[in-house]
Amino acid sequence: MTITYDTPIESLLDVEKVKESLENYEQIAFNRSNQLYESIEVEQKIGLSSDAFQMDDNPLLYEKSELIKKSIEDVENELITWKNTVLKQAKDKRQEELTELKRKVKAKVNELLIELVKARASAMIKKPPTNIEELEKKYNYYTNKYEILLKLE
């Protein structure tokens with residue numbers, strides 16, 4: 001997204017929406033993995049027990065089911081890491097966008113201030129009327145926007 005001084009604050013990345021989406025995805029994934037994990041544990045108590053299907057005194061099916069449970073735990077841990085990474089990147093991106101917007105708005109405020117000073121000086125030496133009111137409105141608008149941006153940090 002290209003950011004200019006006119007970019008609305010609302011159009012910046014909404015970290016809370018990103019967080020909400022990530023948490024929804026995480027909940028769906030955890031629900032599914034918990035169902036699978038619990039199914040394996042139930043089966044381990046009956047058909048996949050350590051006493052069932054042994055070869056050379058090794059409970060092959062039980063060992064495989066333990067490996068699957070471990071894999072489920074690993075996937076859940078990776079999912080948490082992934083969620084935290086994406087959330088951090090979203091926060092960093094939001095900060096980058098906010099900093100860029102502040103810089104552009106501040107530059108616009110400075111530009112308008114210079115124009116306003118010139119217009120007032122011109123009016124004082126009785127040159128033709130200038131657009132002082134319009135400049136003051138714009139100056140006030142962007143000054144207020146900048147102050148709002150400062151509060152968002």
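Me: What is the radius of gyration taken over, and what is the globule rule?
Reply: The radius of gyration is taken over C-alpha atoms, and the globule rule is 2.2 Å times the number of residues to the power 0.38. This is a predicted model, where local features need pLDDT of at least 70, side-chain atom pairs count only at pLDDT 80 or more, and totals for chains, interfaces and linings use all residues. Residues are numbered from 1 along each chain as its sequence is written, and side-chain values use heavy atoms, without hydrogens and water.

Me: How does the chain compare with a compact globule of 153 residues?
Reply: The globule would have a radius of gyration near 15 Å, but the chain has 31 Å. The C-alpha trace spans about 105 × 20 × 20 Å along its principal axes.

Me: What makes Glu-10 count as exposed?
Reply: Buried means under 20% relative accessible area, exposed over 50%, and partly exposed in between (1.4 Å probe, protein chains only). Glu-10 has 70% relative accessibility, so Glu-10 counts as exposed. In the whole chain, buried residues make up 26% of the 153 residues.

Me: Where is Glu-10 placed?
Reply: Glu-10 lies in the segment before helix H1 (15–45). Helices (H or I, at least four residues) and strands (E, at least two) are DSSP runs, numbered from the N terminus. The chain has 3 helices and 2 strands, in the order α-β-β-α-α from the N terminus on.

Me: What separates the C-alpha atoms of Glu-10 and Lys-145?
Reply: They are separated by 12 Å, while the two residues are 135 residues apart along the chain.
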